[in-house]
Amino acid sequence: MQQSIQTNLRRMKNFLGFSRSFLIRKNPIKLFSKEFTAMLKNFLSMGKKRKMVKYRLNYQLYKLNQMEKLIAQNNDHVFLRGNKFNEMR
């Protein structure tokens, strides 16, 4: 009886030691706080990111319009003025 109690106490002590070392290694509170701050930074910088994406999109549309104008100017059939390109697109 005393032997089994000692064995169970030793096992419990080992389990608590493993649990403690795991919590020290993988500290869930630190991990949660780190993830939370990253999510908060991401959420607060959403407006900036949206502005950057909008700027890039407008720039690409500007380049596309420039290319269409160049194609229309260099086209043999000047009367088309890029309409065929628009239809192809």
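Modeller: The account below begins with the chain and then turns to helix α2.

This is a predicted model, in which local features need pLDDT of at least 70 and side-chain atom pairs count only at pLDDT 80 or more, while totals for chains, interfaces and linings use all residues. Residues are numbered from 1 along each chain as its sequence is written, and side-chain values use heavy atoms, with hydrogens and water left out.

The chain contains 4 helices and 0 strands, in the order α-α-α-α along the sequence; helices (H or I, at least four residues) and strands (E, at least two) are DSSP runs, numbered from the N terminus. Of its 89 residues, 4% count as buried, where buried means under 20% relative accessible area, exposed over 50%, and partly exposed in between (1.4 Å probe, protein chains only).

Helix α2 spans residues 28–44 and packs against helix α3, residues 46–73, at an angle of about 45°, with the axes 4 Å apart. Axes are lines fitted to C-alpha atoms, for helices over the stretch in contact, and angles run from 0 to 180 degrees between N-to-C directions. The angle makes α2 oblique to α3 (under 35 degrees counts as roughly parallel, over 145 as roughly antiparallel, 65 to 115 as roughly perpendicular and the rest as oblique). In this contact (heavy atoms within 4.5 Å), Asn42, Phe43 and Leu44 of α2 meet Met46, Gly47 and Lys49 of α3. The residues of the contact comprise 3 nonpolar, 2 polar and 1 charged; Ala, Val, Leu, Ile, Met, Phe, Trp, Tyr, Cys and Pro count as nonpolar, Asp, Glu, Lys and Arg as charged, and the others, Gly among them, as polar.

The structure has 1 aromatic pair. The ring centres of Phe32 and Phe36 are 6.2 Å apart and the ring planes lie at 20°, so the pair is stacked. Rings of Phe, Tyr and Trp (its six-membered ring) pair if their centres lie within 6.5 Å; planes under 30 degrees apart count as stacked, over 60 as edge-to-face and the rest as tilted. Both residues belong to α2, 4 residues apart, about one turn of the helix. Phe32 is exposed, at 60% relative accessible area, whereas Phe36 is partly exposed, at 42%.
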